[in-house]
Each structure stands twice: as C-alpha cells, then as structure tokens.
Amino acid sequence: MISRSLACRRIVAPSLRNSSRSSLSQFGGCWGYTSQAASSLLQAFEPSVHRVEDEYADVDWDNLGFGLMPTDYMYQMKCTENGTFERGQVRPYGNVELSPSAGVLNYGQGLFEGLKAHRKENGSLLLFRPDQNAIRMKVGADRMCMPAPSVEQFVDAVRETALANKRWVPPPGKGSLYMRPLLMGSGPVLGLAPAPEFTFLIYASPVRNYFKEGTAPLNLYIEDEFDRASRGGTGGVKSITNYAPVLKALARAKSRGFSDVLYLDSVVKNNLEEVSSCNIFVLKGNVLSTPATNGTILSGITRKSIIEISRDLGYQVEERAVPVEELMEAEEVFCTGTAVVVAPVGSVTSKDKRIEFKTGAQTACGRLYDILVGIQTGHIKDKYGWVVEIN
C-alpha cells in the first residue's frame, strides 16, 4: 500500500539507474533479458511529487463509452544501449517526441498491453492480475528483439499511473480506468535492426463498454478472405503490427451490420482463431472449448481467468482446435478480453448461413461475467489472489 495525505500525494516513481534489478545482454542483434537477484525494488526509486485531487473529474459517468479521454498523467521510462531502464516517472499527459527514423515508426517494433483499475466503495483502487500483463510483455519483447521492464517495474508503474489519475477512475459500477502500457523502439535506425533506444509508456482513459451494443449480444461474421495471423508470425504476442491489418475486414463487417470479425486459422481455414480483439469460447453441454494458444492466438489474461473459474464451477474446459462445424452446433458462444470482459455472442454468420445461440439470464456466460467482475470490483472474495488493492 502507498499512503498519501489528502492535499498532496507523494508518489514514488521508478528511477531504475545503477541499482536496477535487471540487466540485458545483446545477442545476435537482439536484446535478451536476464534477471538478477533483487532486494527491495523501492531502493532504486526516486520520489516525485505531484498533486492528485480527491474529487472526480468532470465526466458524464452515466454516458461513458470506450473512447480516448486523456487523463492528467502518464508514465514514462527509457532504456538505452546499456540495457537499463532508467528514470521512470509520472509526468503530465502529453505528446511524445520521436525521430522520423524511430524503430517503431519504420519497422513496427512495438508492443502494448491493456489492463483496468476499478474503484471500490471505500475509495481504494483494484488492479486485476497486472503481473500477468508484465509477463506477457516480456514474452512479446523477446519475440520483437526488445528489452522489457521487470515484473516489479511494470506493476509499480501501473500502480503509479492509476494513483496519479485517481480522479479519472469512474465511481463504482460506472466503468473503469483503462491503462495502456506501451513498449516501443524509440531510437533512430535506418537499416533493418533493433532500435538503439526503447521507451516504456503508460497512458490511461476512463471507459465503460467496448462494443457499441453495450452488454447486448454480439453478432459476429466469419472472415474467410483475410487472415489475422499465421504460424511462425506474431499472432501470439501483443505486437502493434497485429492490429492495423484487421481494420479492413472489421470495417467491412461493421458496414454489413456485424459487431466484429471471427477469424479462422490460415492453414486449413476451418478452425476458429479469435475475434479482432478478444478470445472466443464455445459451450455445448458441460464442455467449454476454446482455441489453444499455439502461437497464432493471443494468450488473454481474461481468457486464462475464465478457464480457471469455469473449471472450479465444474465445466470440462478444453483448449484445442475448434472447427467451425462445432461452433455451429454450440449452445452458447462468448468472447473474453480486458476491454470486452465476457461478452455474449448472439449469432455467427458464415457466408449466408446464420446460427443463433442462447443468451440472457441463466447462461454460463452471464454467470462467468458476474463472478469475474465481482472479483475485479471487490464484490466477490478473491480466493485466487488475482486482485491488487492500492490506496
């Protein structure tokens, strides 16, 4: 816990310099991460002081959607050629200056994460499994030849960003503060190679429902022309290069009245992969199936959590190849993700064939949603140890 006075909050910001608890070595043109034994990470921090108001920001919380609403502060930390992230700090939200030859601009050397902070009735904030976001970023950074913050650095940066923007965290039941950690090659490079400098950023925005349908069932369209990912590619990590290529298929689907696109595998073109920005589950009887994360599918943190909750509820959860034919015979279908949480699917259309699924009250999807959100917001006891409370 971080204690603060009512008037002026003393926020501890990472400044990982000579006493950094991580090191990086360069091997074969890529950065490789190695960890070292650490004592208290706080010994490597320098304090920064800024004011955080207790009152809420001037926001119409009842009409909050999922759009960018810049908050007061962001977090920034740099890593140079010596392989050390240093001088991380909370700073006023603003533009970032980049060289025209920055690695992220020229070669797409970048990753992002997404996680939320919820407000409890007592005013404290809850983070949901931020260590898992940190671990996933490290895995992605290795794939993209970048250094990554340690788990401790990442989680502390998320804490600081949430606390600094506390007045932007919606009231209980009105939404959450979505935080977007970014890791990018910010240094200049001309030839194809890892950037010489890397920047880690976190910015935030208050949000509510991701889809315009709100909590209404989604209508998905199976995409059979464009692929989201291929074997050996970067579909299994949260690379920024994964997302712009889906925009064309997504725009086309939305123009036809669909909520989103459901992608198939790029080899046999018959097995489910994922939706544009979330994982998918198929339920028939007591068997809950979801495509296995075999390198082309992102290992969602909400996905992982729903699998564990479902098994505790007695469902037989299977992570495997799920053919379209099995989807068409399902009783329930739903999506999971940080932004979408657990979203029911009302129908899936493949070419001219439309299949509808059970939605509404008394569904597995609804039950799983209530349990997950209850844990995330502090209304249900967290027996898993997933929630981090800060105040």
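**Entry 1: the whole chain**

I began with the surface: the chain exposes about 17,100 Å², and carbon and sulfur atoms supply 50% of it. These areas come from the Shrake-Rupley method with a 1.4 Å probe, and for residues only the protein chains shown count as cover. I noted that this is a predicted model, where local features need pLDDT of at least 70, side-chain atom pairs count only at pLDDT 80 or more, and totals for chains, interfaces and linings use all residues. Residues are numbered from 1 along each chain as its sequence is written, and side-chain values use heavy atoms, with hydrogens and water left out.

Next I looked up burial: 52% of the 391 residues count as buried (under 20% relative accessible area; exposed is over 50%, partly exposed in between, with a 1.4 Å probe and protein chains only). I found 7 helices and 21 strands, which are DSSP runs numbered from the N terminus (helices H or I, at least four residues; strands E, at least two).

**Entry 2: strand 5**

I picked strand 5, residues 73–79, and saw that 6 of its 7 residues are buried, so the rest of the structure largely encloses it. Which strands pair with strand 5? I found strand 6 (residues 85–92), antiparallel over 6 bridges, and strand 11 (residues 198–207), antiparallel over 5 bridges. Pairing here needs at least two DSSP bridges between the strands.

Towards strand 11, cysteine 79 has phenylalanine 198 as its bridge partner. I also followed the hairpin of strands 5 and 6: 5 residues lie between them, and glycine 83 in the turn has a positive phi of about 80 degrees.

**Entry 3: salt bridges**

How many salt bridges does a search of the whole structure find? I got 17, counting a side-chain nitrogen of Lys or Arg within 4 Å of a carboxyl oxygen of Asp or Glu.

I opened one of them, between lysine 174 and aspartate 62, at 2.4 Å from N to O. The two sit 112 residues apart, with aspartate 62 in the loop between strands 4 and 5. Lysine 174 is partly exposed at 27% relative accessibility, while aspartate 62 is exposed at 52%.

Then I checked glutamate 274 and arginine 228, which meet at 3.5 Å, N to O. Glutamate 274 lies in strand 14 and arginine 228 in a loop, so this pair ties together parts 46 residues apart in sequence. Are they buried or exposed? I read glutamate 274 as buried at 3% and arginine 228 as buried at 9%.
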